[in-house]
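Try each task before you read its solution.

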Amino acid sequence: MNAKSDPFKAVGDSNADDTNALAKAYAAAAGTGRPLYLPPGVYRVTRLPKFASHATVSGAGADLTTVLYEGDETLLALANVDGVSIQNLGLWVTGTTGTAIELVDATRCAFDSVRVRGQHDADTPFRSQTGIVLAGRTIGTSFINCDIDNCGIGARISSPFNSFTESKFSTNYTSIWCQDGSIGAGLAISNSEFVSKAPATDCHLRIEGDAGRWSLTNVWFEGAQSAIVVGQSGGNGPLQFGMTNCFVSGTGAGLDIQSCRHPYLANVIFALDLNGLADSMLRIDPANAPAGIAINLVNSVVREFPVKTFPAGWTIYGNGGVIEAGGPTIQGADGRTWRITVSDRGEVGVTPAG
């Protein structure tokens, strides 16, 4: 159903208010089981319709079809829906506290080739603008080939497990934020990139509270004050955090693991960003992330990360073989376990390990 056709007559010139025209076009499309199509143009609205389950809405392209929202509430709010598909269009929020997309208790929705953007940058901060909110029991929702740009918060996550694939986060103050209190919240990110220039971006990925499973595969991070902060110094952090085949760089900190029960790092490249410090590329809190696995990490400054980078319970697989950060362990005939230690003077000893 073409939103510009009779009798809907959406204008799409960025000046006319197309709210009612799009609502009527969607109602007609839903009544006949057809998708809603928005031809090229900039459609200024005060809200978008509350699309029902299995609705399909598409534009001519993320940079050709744009829905402009100048308010301070939410442009597209969906709750208790299943299988909504949004594709090939842009959502542009200019209100100081506006939100582009909010999903609550939504299942298996799909956003394909959608651009979400706000007004935030280093010179004109809009830190209260939000691109995407995934809340409640929203699960199985995917963002594929999407761009989330210039928002205060690119995506705020408090729901169990959804995904971003082939997507790009650019110049958001916080690209993805799992806030304290989001128990069990999780996310999968793959083949995506996070780029910016400080001070426009404080942190690309911040995971707070007793979150669930976070999985990152083939993801690039650069240009933020802190690339990734996992958990909180007080001891609340995700159940699991894994990175595989990723690149991490930050002006202040690369990967800062403050709290996590099961961290796993494999084939991750750590590089210095502009004005970065070598000892800030990877930080791990020994009290709240005491055990984990690191496999073939690449340090752009030295050949290997010093063993002291890792808490005693970590196991490190690198060019030199397998190393336990706290020293190798042996088990006696009585079943007791001992850890071999070496003092500053080279004296070998053992300490009980369990």
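The exercises below go from the core to the aromatic pairs, the salt bridges and the surface.

This is a predicted model, in which local features need pLDDT of at least 70, side-chain atom pairs count only at pLDDT 80 or more, and totals for chains, interfaces and linings use all residues. Residues are numbered from 1 along each chain as its sequence is written, and side-chain values use heavy atoms, with hydrogens and water left out.

**Exercise 1. Aromatic pairs**

Work out the geometry of the pairs Phe 164 with Phe 169 and Trp 220 with Phe 247.

Step 1. Rings of Phe, Tyr and Trp (its six-membered ring) pair if their centres lie within 6.5 Å; planes under 30 degrees apart count as stacked, over 60 as edge-to-face and the rest as tilted. This rule gives 10 aromatic pairs.

Step 2. For Phe 164 and Phe 169, the ring centres are 5.2 Å apart and the planes lie at 65°, so the pair is edge-to-face. Phe 164 is buried, with a relative accessible area of 0%, and Phe 169 is buried with 0%.

Step 3. Trp 220 and Phe 247 are stacked, at 3.9 Å centre to centre and 15° between the planes. Because Trp 220 lies in strand 19 and Phe 247 in strand 21 (residues 247–257), this pair ties together parts that are 27 residues apart in sequence. Trp 220 is partly exposed at 37% relative accessible area, while Phe 247 is buried at 15%.

Step 4. Finish with the aromatic cluster, which includes Phe 111, Phe 164, Phe 169 and Phe 221.

**Exercise 2. Salt bridges**

How many salt bridges does a search of the whole structure find?

Step 1. Apply the rule: a side-chain nitrogen of Lys or Arg within 4 Å of a carboxyl oxygen of Asp or Glu. The search finds five.

Step 2. Lys 9 and Asp 6 meet at 3.7 Å, N to O, and both residues are exposed.

Step 3. Arg 115 and Asp 63 have their closest N and O atoms 3.4 Å apart. Arg 115 is in strand 9 (residues 110–117) and Asp 63 in the loop between strand 4 (56–59) and strand 5 (65–69), 52 residues apart.

**Exercise 3. A surface patch**

Which residues make a nonpolar surface patch of about 250 Å²?

Step 1. Tyr 264, Ile 293 and Tyr 317 make this patch.

Step 2. Tyr 264 belongs to strand 22 (residues 262–266) and is partly exposed, with a relative accessible area of 34%.

Step 3. Check the terms: patches are made of residues with over 30% relative accessible area and no salt bridge, where like charges are joined within 9 Å and nonpolar side chains (Val, Leu, Ile, Met, Phe, Trp, Tyr) within 5 Å. Accessible areas come from the Shrake-Rupley method with a 1.4 Å probe; for residues, only the protein chains shown count as cover.

Methods. Helix = DSSP H or I, 4+ residues; strand = E, 2+ residues; numbered from the N terminus. Buried < 20%, exposed > 50% of the residue type's maximum accessible area, 1.4 Å probe, protein only.
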